[in-house]
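Please open the structure in your viewer and keep the selection tool at hand.

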Amino acid sequence: MKRIRFTSRRGPRGLVAAATAALVLASVLPVADAATGSAPPPTYRAGDYADGQVLSINPPGENGLVNAVQLAQFEATGQRPADSTDQRTQYANLLHGYSTLTDQALPQYYNDESFGVRASEITRTEAPSPSVPVAIYRDSHDIPHVYGATTSAMSFGAGFAQAEDRLFEMDVLRHYGQGTVSQFLGPSCADEQMDHDQLLLAPYTEQQAQAQVDALPTQFGAQGVLARQMIDSYVDGVNAYIARTRIDPAALPADYAAALQPPQQWKASDVVYVSALVGGLFGNGGGGEVRNAALLQYLDKQLGQAAGNKAFTDFREQNDPDAPTTIADKAFPYEIPAATDPAKTAMPDDASKPLSGGPTATKPGCDAIPANPTATNIVSSLLGMPKHMSNALLVDARHSADGHPIAVFGPQVSYFAPGILMQEDLHSPDYAAEGVSFPGTGVVELGRGKDFAWSATSAGSDITDQRLELICHPGGGTPAPHGTYYEFNGQCLPMTHHTFTETAVPKPGGLGVPTVIKHDVYLTQHGVVQGWTTARNGKPVAVVNQRSTYDHEVDSVVGFMHWGQPALTHDVTSWMAGAAQVSYTFNWFYVDTRDIGYYSSGKLPVRAPSVDPNLPTWGTGVAEWQGFLADAAHPHEVDPSSGFFTSWNNKPAPRFSASDVQYGYGPVYRSQMLDRTLQNGLAAHSGKITRANLVQAMETAATQDLDGLAEVPELLGYLAGRPEAPGVQAMLAQLRSWYNDGAHRRKNASGDTQYDHHAAVAIMDVLQEKVIRALFDPILAAGGIGGESSTGGAVTPSYTVLPMQWANTPNSGGTHLGSSYDGGYEGYVRKALRQLRGEQVAQPFGPEITAKICGAGPANCPTALDAALSDTFTTLVKANGGSTDVASWTATPDTKAQQQNMPDYDAIHFRSVGIVGQDPIEWQNRPTFQQVAEFPRHRPW
């Protein structure tokens, strides 16, 4: 394990322990565990220093097994299996109970996350194998508490428990990660497209995936040996449960009726496939340079090259000083080039032109045979995974009523049935952690240790670059348009070619002939070829995605293991040593009895100072990565001067550049809602708050509309003193009242059918797009009005040329994810309106944009915005049956088209990864798995 140093406001405490951990490792951790001895009992709160003050919630419930008998009962009566939905209502009820919340009332909305389980609450005890010393104790929520006499035994038990609770979901995830969903669920265009897209991200043969596991000992020494051992034992546990399904029908998920085969043996390579999927979805960032090139070429054409280049920089907001950051008092410069070298930038001839010659996405007639409806639903659910996880609020000891830091944090990974995160409590003599794990991976990725807790939000930092490989002919002739040789350091090298083949029958029962699907994937030494185009006036080039975590999908397990080993993690500094070993790009947060800490992880490439990180670079050898960012140069901090941390996928720190796909790090980001509610809570309680107060701050922000908060005061200020038509005046009055009341999208009571400020919500939902278009159509509309991929796979309205949606509303483009306001035009609108009012902004739009804003510059904006308001009034009159009574409005064109009221249109839906789903719940913008953590004690320091 490498030595690292981090800066800390509290001085060098803990650095010696972090640096010498490797020296004690051999004496602390056995290299190989013998399957001897007996499993220990689940002693309640043994080695637990939280004293019951760590709580958590993970809807809809832990149990994900629905067998044939339970399915028949559900279909007959609607009754779901026990513990499959018991946390759903508990989670939903906080929405209407948080305003009067106290610490004593927290258990109504969160569950005890203490180690072990009371003897009186053990509902069943499982012994997965007579030869493995491990026992699984299930509590009243069916959460498995796994106790092994050895680390291997514990890992075996974790595998068995995960298979028992999520076997079918794990099977879907491993096939998704392998690119073989069609083979598992049957052929369809959607399945085939999913396989194709995953293979363009992580095309690993089984041998290559296994090689990643086998390489762990070489890369990480004793910790790598332990990691491989835990993975192998975990796989053995999964297979032990699969063996049980073959002799016990009650153990087999009924969901396999949607698959083409019963559960097959698990392998270590399957852990890699699931890790590749999870890391690619939640822990990736960058890779949009060709899309950026298309925007730059468009702006150059519209405005002229000099003005176009400046407009591109303005819209990118790579380092806007007004951007909210988690660390506010220290800069962490990253990706800030000196004078860029144009010779290293590789601009396609037409970057907006679709790539050609790449792997075939789908076969002709892929939907000729009707797909299995359940399988189709599963695929659409998986495509709804969000790209960003959130959120976190942490308060230091100085601002806590009890004198100990507090955290309310968790990942927002959408809402699935069963959940995409599985709860578990794992213990061996050398391991102690409780929290959640992605099914198919085994270890606790987010949770708590003996005397600390941790969580994460997605950072989206720039770990992926797009390169143009210059195609060559090995004999020196003219290269083919889709040639498979490329230039590197003066040589003409062959691409590596893999053909991934899967065979699928149309549906269970096998009507029709089997379908053979082939995916041809090409790789260069930089990465996976996405397709071909031209550059340098017609020369063929291949577009390649170079990702720093490619072929290292499973490496991050060493960081997660670090946190589960009490001998390695005992304070904030030693915890950071584990965070530095996570290769995927996440914001990590920590709390113990004395400190709060933050570290932004990821294997971050160091680019040459003359390379423009926003645009494609040549793969010829002139713009190679120059290593990776040092651990201590990552954004990190302990006990900030402000007294708190917040994160909602916002920018980590000043001068830490937004990745090339992130256009939203401007003066508005949703994390500001957390800042505001937390600061209000501190002010209301004389600067010292409780766990309940911190939950209240989180939940207050969870019902707020970022569009309303960010834009209404700017719009009202701009329009102040101007005459408006009576209908427009009535709309502005509704917006003003709503804003003054916090701009919430919530009902007064759960039984209400409409939001409290329903008219204002309807007005904002319609007005937002019209204001954006009034301001920016003259600059961006010529490139087309289309859709932008939103969180969860939906396509929401946007300008075709600029890769950011106009607004990420609660409906999420029909995907009902819960997570909302993750990137949009709020910052652009606020900046433009403030400039129009003559106010100073840190990084204003330049004259190349302001000269064309509203069509003819600032002088035309009053007319343009009046037209937007008038159009909004007319649109809403029509949507509300001709009513001009603004206060009575309850519908928008979208809700009317769906024949839903606004709360139902916004509601959170549980996406089924199986046969039995869940009922929707009211919208709240909140983490899925969430912990409330405070530690009154700590192990001896």
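Begin by selecting helix 5 and helix 9, where helix 5 passes helix 9 in a right-handed crossing (the near helix is turned clockwise from the far one by less than a right angle; helices are DSSP runs of H or I with at least four residues, strands are E runs of at least two, and both are numbered from the N terminus). This is a predicted model, in which local features need pLDDT of at least 70 and side-chain atom pairs count only at pLDDT 80 or more, while totals for chains, interfaces and linings use all residues. Residues are numbered from 1 along each chain as its sequence is written, and side-chain values use heavy atoms, leaving out hydrogens and water.

The axes of helix 5 (residues 151-178) and helix 9 (residues 216-245) come within 6 Å and cross at roughly 50° (axes are lines fitted to C-alpha atoms, for helices over the stretch in contact, with angles from 0 to 180 degrees between N-to-C directions). In the contact of helix 5 with helix 9, the residues divide into 14 nonpolar, 9 polar and 3 charged (nonpolar: Ala, Val, Leu, Ile, Met, Phe, Trp, Tyr, Cys and Pro; charged: Asp, Glu, Lys and Arg; polar: the others, Gly among them).

Next, select the open sheet, whose 10 strands follow the order 3-4-5-9-10-11-12-20-21-23 with mixed pairing (two strands pair if DSSP finds at least two bridges between them). Its edge strands are strand 3 (124-126) and strand 23 (636-638).

Within it, pick strand 12 (residues 453-458) and strand 20 (residues 586-591), which pair in the antiparallel sense over 6 bridges; here Ala453 stands opposite Val591 in strand 20.
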